[in-house]
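Please open the model in your viewer and keep the sequence panel beside it, ready to select residues by number.

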Amino acid sequence: MQVAAFRTQDANDEPVEVRLLDALRECDAWLPALSIVAELDDTVVGHVVTTRGFVGDVPALGLGPIGVLPSHQGRGVGLALMHATIGAADALGEPLIALLGSHDYYARFGFIASTAIGVTAPEPGWGSHFQVRTLTTYRSNIRGRFTYARPFDTV
Ligand SMILES: CC(C)(COP(=O)(O)OP(=O)(O)OC[C@H]1O[C@@H](n2cnc3c(N)ncnc32)[C@H](O)[C@@H]1OP(=O)(O)O)[C@@H](O)C(=O)NCCC(=O)NCCS
């Protein structure tokens with residue numbers, strides 16, 4: 001599933017997201033309740049993973065990778081996965097979700113540039129592509145540098 005969603009022009013290359021996903025599944029930061037698949041007719045057509053991260057030393061969430069089979073993109077599967085993740089994270093009492101991605105896509109889910117609330121990206125060069133979505137338990141003193149689960153350091 002992830003191989004197809006993240007396939008580049010060179011079909012022989014295994015997408016980096018596939019290796020990342022394998023490493024995330026093996027690590028302590030894996031949160032089964034926030035690893036969600038979308039199925040259609042018994043086939044997995046989409047998947048999103050959210051793992052334990054930190055803002056400074058405050059536990060928060062890092063979202064990604066997310067992927068939808070190319071044959072099923074543009075039909076609301078990503079939308080459903082995002083809303084399911086945000087709703088579940090909020091119900092679990094998590095304060096904030098961070099991700100790296102296109103503002104054009106993620107703004108519709110309430111993501112804003114992380115620097116707007118004093119959260120800095122793991123890599124300064126990510127700029128406004130590093131975004132956050134605050135949840136019910138968020139407090140404005142949650143500020144500082146975001147760190148992803150360790151496997152993200154190796155990709
Ligand atoms: C990004 C992705 C998860 C979205 O899932 P999806 O099921 O195709 O999205 P939806 O059908 O819910 O939403 C479609 C909308 O998102 C927009 N969109 C999709 N990818 C986008 C992107 N990278 N940047 C901006 N907008 C994007 C579409 O233009 C469409 O917009 P519209 O509603 O205004 O017409 C999916 O396209 C995908 O797997 N892409 C390849 C992998 C990837 O880039 N993952 C994200 C980085 S981890």
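The model is a predicted one, in which local features need pLDDT of at least 70 and side-chain atom pairs count only at pLDDT 80 or more, while totals for chains, interfaces and linings use all residues. Residues are numbered from 1 along each chain as its sequence is written.

**Helix 3**

Select residues 77-91, which form helix 3; helices (H or I, at least four residues) and strands (E, at least two) are DSSP runs, numbered from the N terminus. Helix 3 has 15 residues and reaches 21 Å from its first C-alpha to its last, close to the 21 Å expected at 1.5 Å a residue, where the expected span is 1.5 Å times one less than the number of residues.

Now colour Val77, Gly78, Leu81, Met82, Thr85, Ile86 and Ala89, the buried residues of helix 3. A residue is buried if 20 or more other C-beta atoms lie within 10 Å of its own, exposed if 12 or fewer, and partly exposed in between, with C-beta atoms placed from the backbone.

Just after helix 3, select glycine 93, which takes a positive phi of about 85 degrees.

**The ligand**

Next, centre on the ligand: of the 18 residues around the ligand, Gln73, Gly78, Leu79, Ser102 and Tyr105 come nearest, a residue being near if its C-beta atom, placed from the backbone, lies within 6 Å. Helix 1 (2-6), strand 3, helix 3 and helix 4 (103-106) are the elements that give two or more residues to this shell, and strand 3 gives the most, with five residues.

**Two single residues**

Move to histidine 103, which is in helix 4. Histidine 103 counts as partly exposed because 14 other C-beta atoms lie within 10 Å, and, not counting residues up to four places away in sequence, histidine 103 touches Ser128, His129 and Gln131.

Finally, select threonine 136, in the loop between strand 7 and strand 8 (144-147). Threonine 136 counts as exposed because it has 10 C-beta neighbours inside 10 Å.

Conventions
Two residues are in contact if their C-beta atoms, placed from the backbone, lie within 7 Å.
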